[in-house]
Amino acid sequence: MIKILKDIFRFYYEGFKSMTLGKNLWLIIIIKLFIMFAILKLFFFPDFLKTKFKTDEERSDYVIEQLTNPK
Amino acid sequence: MQQIDFSLVDWSRAQFALTAMYHWIFVPLTLGLSFILAIMESIYVKTGNPEWKKITKFWMNLFGINFAIGVATGIILEFEFGTNWSNYSWFVGDIFGAPLAIEGIMAFFMESTFIAIMFFGWNKVSKKAHLTATWLTAIGSNLSGLWILVANAWMQNPVGMEFNPDTARNEMHNFLDVLFNPVAMNKFLHTITSGYLLAAIFVVGISAWFLLKKREEQFAMKSIIVASVFGILAAVYTIFSGDESARVVAKHQPMKFASMEALYDGQQNAPLVAIGFFGSPSAERPNEQEFAFKFEIPNMLSYLAFLDANAFVPGIRDLVHGNEERGIISYKEKIAKGKKAIDALAAYKIAKKAKNEQEAKDALKIFKENFEYFGYGYYFNKDPHMLLPNVKISFYAFHTMVILGGFFLVLLMYIYFLARNNKLQDKRWLLWIALWTIPLVYLAQQAGWVVAEVGRQPWVIQDLMPNIAAVSQIDTYSVQITFFLFLLVFTALLIAEIKIMLTTVRKGPEITENSTKK
């Protein structure tokens, strides 16, 4: 089992190590994921209902209130 | 609900459209190029000819660039659901949960694992194991698409669920109904085959550039043969599934269908507008589009929609004002039924809180009887024409997609014919056309999604939830800020993709092969 895990690790390690173009791509992926999850999601995209209400019951009451009082 | 803020709705829609459209620049190439790679590698494994390995590796690098830059751009859409479209997200309930969870697992295990073997496994695993990984990457990425399209199809034709009035959420009652929703099956096949077509034209176009530069001619010709055959098959099936799609739309979303053809008055033996241009609207009907020029094919629309040249195709006016003779109820009636459903849901909630079971039961009965028109209730005391999609955009997008689809098929057939007879290199004008068809195939892809999504407006969930009820009550300026942030991030990603791809293409397969070996 440990040998298999070692082989898998070595496979990925050597694969990443031998990359040329791929290194730039990984840099782009990491920057992109950082912007998406550490900046956009954290500061600009809170889950509206999760941040505003504590329980599912409160959330469903709010949505029903919204849905049944159209202007 | 507070006063409807159309600028909030419009900005939220614009942001979602922007994100989805950028996301869809990356996805179709992944769907199609993965299969082209698998075919090329299969030829390599079968023949043992190292030229095919070189070809496979070159296109695999372009696949890798596209995959790396495009990966996770779709997650932004999920952020937007939770922030900008919270009523919708809640209302959808667990319907999206299962397909999106399966998509996540598929994407992670199938794509990520097999992509690693595909890129790192050359000379480390056997030829057959590597080929299996390439095929599984292709199958995995396409199956990921299935679950997303199942979710989208549910919005176009909600089935297999029951609305729970206590929680205000839809609950899945039949997973198979959701999965085998006729809209889902057709949408999946049409979408993935159009992705194959895009990838085929991408490969043919870039190979044409090599021929124009008189570089790597053997590589380019081999790539063109594989991609053009793949593309012809994909184009034929895309047209076939598009034809089927029209029938599905005519049945489940008749307003979208009428808008795609700008058909205002329903008729038997309805003609298809093959080509048309709008002029200025008339003074009597300022809200309606009028053709300045059109070329029609008699009976074709009736046949296209119902496989019967004599069939009646309802027009926009029939759908808005109703047509008793044809059994079409008016929007006014639907709005009244929708309002009943909304009021009954409110009454049910009040009765439940007051523990008045009989009143709750009565309210629930009225609610269930009228639920299929629930979304129309939001237009009570409003102009029913607010329920119309943008006819001009729907018409032009639909016709752009169809005309380009036909052009792609003819182009690929001609290119294949010349390539088989070794005459393609002499036709420089055709090679230039092949190269410049690459942006056109992306345009056709975007046009297809514009038809699907603009044509179903104002519905976020067909007949049940319009965008005005789906949107979160948040500040418009916050949506505006994130709109421009996304514009910036996605444009930067797109520029990076194009720049890296162009550099890799200019280097050519020899350099790519050598750099991979290092």
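On a 1 Å grid over the protein atoms alone, a pocket is an open set of points with protein on both sides within 12 Å along at least five of seven lines, and its lining residues have an atom within 4 Å of a point. A volume is the space filled by probe spheres set on the points. This is a predicted model, in which local features need pLDDT of at least 70, side-chain atom pairs count only at pLDDT 80 or more, and totals for linings use all residues. Residues are numbered from 1 along each chain as its sequence is written.

The second largest pocket has a volume of about 930 Å³. Of its 42 lining residues, the closest to the centre are His190(B), Gly242(B), Phe398(B), Met401(B) and Val402(B). Among the elements that give two or more residues to this lining are helices H8 (182-212), H9 (217-252) and H15 (391-420) of chain B, helices being DSSP runs of H or I with at least four residues. H9(B) gives the most, with 10 residues.

Helix H15(B) has 30 residues and reaches 44 Å from its first C-alpha to its last, close to the 44 Å expected at 1.5 Å a residue; the expected span is 1.5 Å times one less than the number of residues. Just after H15(B), Asn422(B) takes a positive phi of about 55°.

In chain A, Thr68(A) is found in helix H4 (residues 56-68). Thr68(A) is buried, with a relative accessible area of 11%, where buried means under 20% with a 1.4 Å probe and protein chains only.

Terms used:
Chains lettered and ligands numbered in written order. Heavy atoms only, no water. 1 Å grid on protein atoms, 1.4 Å probe; cavity = no way out; pocket = protein on both sides within 12 Å on 5 of 7 lines; lining within 4 Å. Buried < 20%, exposed > 50% of the residue type's maximum accessible area, 1.4 Å probe, protein only.
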